[in-house]
Amino acid sequence: MKRLFLLILVSACLLNAASIRVAAAANIGYVFEELKKEFLKTRPNDKVEVTLGSSGKLNAQIKAGANYAIFMAANMDFADDLYKNGFSKNAPEIYTRGVLMMFSKEKRDMDKGLELLKDDKIHKIAVANTKTAPYGIASLEAFKKSGVYESIKDKIVQADSISGVLPYALTAAEIGFIPKSGLAGKDEYKKGENFMEVDRSLYTPIDQAMVLIKAYENNTLAQDFYKFIKSDVAKSIFAKHGYE
């Protein structure tokens, strides 16, 4: 009898379990697992899976029919594009703002700002894809607005997404342009010596926006996770990881 009761209980739990997939910008890979863990504390039977990548490529996947419930982009444009093309009923909402940083594993005179990139000792500058990754787009915009682009364009090497930039900057490149979140917990690196915040007037604010995909607008798990990302709890998690 006890065994039968347990089987019935397990079956009931499985029937009540729900699962969704989220397409998320690679730069929040540092944060997503903590967000998911916090969200699922009160709903252990549910499942939230994530696919990380450049926002442009994830946008294209959704347009091609990929089964995602929520798209968490690294800027407003890629999320707004899905809304304008009918993939979401509601306009995108900003869930956090990213900050672009210039990083070096070696000590350098960061007070020079982007002029440092012209230095003959700087041979490779790592950035995310300047067409599909918002942090790469922002980096290119900063290079051009600051007037250094023509002098450094042959030094630029691109990673497929922002998640590939820091590893490259720690190995083969002298400089990397990364999100501030990438420095969370790396206390061995010092401001002014290893990193600096890129002047915000040089690039369009990286307002990271999300949309609930139309096919999931009545899905309870998707709705609840979407609301959670806008909550004060989620905001505090993002802030801890260097977002605004």
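Q: Is Tyr 95 buried or exposed?
A: In this predicted model, Tyr 95 has a relative accessible area of 5%, and it is therefore buried, since the cut-off for that class is under 20%.

Q: How is a pair of aromatic rings described?
A: Two quantities describe a pair of aromatic rings: the distance of the centres and the angle of the planes. The structure holds 8 aromatic pairs. In one of them, the ring centres of Tyr 95 and Phe 238 are 5.6 Å apart and the planes stand at 45°, so this pair is tilted.

Q: Which parts of the chain does the pair of Tyr 95 and Phe 238 tie together?
A: Tyr 95 belongs to strand β4 (residues 93-98) and Phe 238 to helix α9 (residues 232-240); the pair therefore ties together parts that are 143 residues apart in sequence. Phe 238 is buried, its relative accessible area being 1%.

Q: What aromatic pair do Phe 238 and Tyr 243 form?
A: Phe 238 and Tyr 243 form an edge-to-face pair, with 5.6 Å from centre to centre and 85° between the planes. Tyr 243 counts as buried, at 6% relative accessibility.

Q: Which residues do ring pairs link into a cluster?
A: Phe 32, Phe 39, Phe 225 and Phe 228 are linked into a cluster by ring pairs.

Q: Where does the charged end of Lys 144 sit?
A: The charged end of Lys 144 is placed over the ring of Tyr 149, at 5.2 Å from the ring centre.

Definitions and conventions:
Residues numbered from 1 in each chain as written. Predicted model: local features only at pLDDT ≥ 70, side-chain atom pairs only at ≥ 80, totals over all residues. Heavy atoms only, no water. Phe/Tyr/Trp six-rings, centres within 6.5 Å; stacked < 30°, edge-to-face > 60°. Helix = DSSP H or I, 4+ residues; strand = E, 2+ residues; numbered from the N terminus. Buried < 20%, exposed > 50% of the residue type's maximum accessible area, 1.4 Å probe, protein only. Lys NZ or Arg CZ within 6 Å of the ring centre and 35° of its normal.
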